[in-house]
Amino acid sequence: MGKIVIAIDGYSGCGKSSTAKAVAKELGYTYIDTGAMYRAATLHFLNNFVTLSNPHEVEKALKSLDISFHFNPETEKQETFLNGLNVENEIRKMKISSKVSEVAAIKEVRKELVAQQKGFGKKKGVVMDGRDVGSVVFPDAELKVFMTANLHTRAERRQQELLEKGEMVDLEEIKNNLGERDRIDSSREVGPLIKVSDAIEIDTSYIDFEDQVAQIVDQAKKIIEKEKSYAGNH
């Protein structure tokens, strides 16, 4: 008792992952980065020269795709592993960012990764962020959040992230990449990015990081308390 699933959806670069990580840490929950899973799948496809329009090649590549998360005590961060190799830094590069929405739009890829994501949430106590977590992966999540921010703010944040990793990318190029990803993510046939009716919306354009984390943690605690008192009365 007392553990819930928190689904955080929203646009690229509005702080979903860092917020979800902080919320999970605060509540002592497991954090699952679905974006990293799609990025790892993209890297796997690039490494294996998969033609994205060829269903046979896609299916073959998915059979040899193994994604896992391991906590690194030195960095105190969860890192993404692809077929046993740490790819955390590799999957954050611009070459992956420019392809990931295309890979994520493939029906077979979504089916495979959504099945894995559903498995992660069975025991509750999970914070998961992505594009279709509240609508497809966990439609019954006790707390759903939709995060947004204006394009310029998102592009500046993404540029800063890339700079910290030693990659210098022009702001206009990042804006174009984010805009194109928004278009693909929102219009794809399977699991499009939508705000579900029961999600709370948080615009992160002008609020402090600590504030956006606190808003979600407060909401989660209210729901947990409500469930505890309901269970106590029944």
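This is a predicted model: local features need pLDDT of at least 70, side-chain atom pairs count only at pLDDT 80 or more; totals for chains, interfaces and linings use all residues.
Thr204 sits in the loop that runs between strand β8 (200-203) and helix α10 (209-232).

**Thr204 and its surroundings**

- The relative accessible area of Thr204 is 0%, and because buried means under 20%, Thr204 counts as buried.
- Leaving aside residues up to four places away in sequence, Thr204 touches Cys14, Met147, Thr148, Ala149, Arg157 and Gln212.

**Helix α9**

- Helix α9, which covers residues 171-187, is built from 17 residues, and the distance from its first C-alpha to its last is 24 Å, close to the 24 Å expected at 1.5 Å a residue.
- The buried residues of α9 are Leu171, Ile174, Lys175, Asn177, Leu178, Arg181, Asp182, Ile184 and Asp185.
- An α-helix has 3.6 residues a turn, so residues three or four places apart point the same way.
- Among the elements that cover the buried residues of α9 are the helices α2 (34-47), α4 (94-97), α5 (100-104) and α8 (151-164).

**The largest pocket**

- The largest pocket holds about 1500 Å³ of space, and 49 residues line this pocket, with Ser17, Ser18, Lys21, Asp33 and Arg92 lying nearest its centre.
- Helix α1 (residues 16-27) gives the most to this lining, contributing seven residues.
- Sorted by class, the lining of the largest pocket is made up of 21 charged, 15 polar and 13 nonpolar residues.

Notes:
Residues are numbered from 1 along each chain as its sequence is written. Side-chain values use heavy atoms; hydrogens and water are left out. Helices (H or I, at least four residues) and strands (E, at least two) are DSSP runs, numbered from the N terminus. The expected span of a helix is 1.5 Å times one less than its number of residues. Buried means under 20% relative accessible area, exposed over 50%, partly exposed in between (1.4 Å probe, protein chains only). Contact means heavy atoms within 4.5 Å. On a 1 Å grid over the protein atoms alone, a cavity is a set of points where a 1.4 Å probe fits but cannot get out, and a pocket is an open set with protein on both sides within 12 Å along at least five of seven lines; lining residues have an atom within 4 Å of a point. Grid points are joined across faces, edges and corners, and a volume is the space filled by probe spheres set on the points. Ala, Val, Leu, Ile, Met, Phe, Trp, Tyr, Cys and Pro count as nonpolar, Asp, Glu, Lys and Arg as charged, and the others, Gly among them, as polar.
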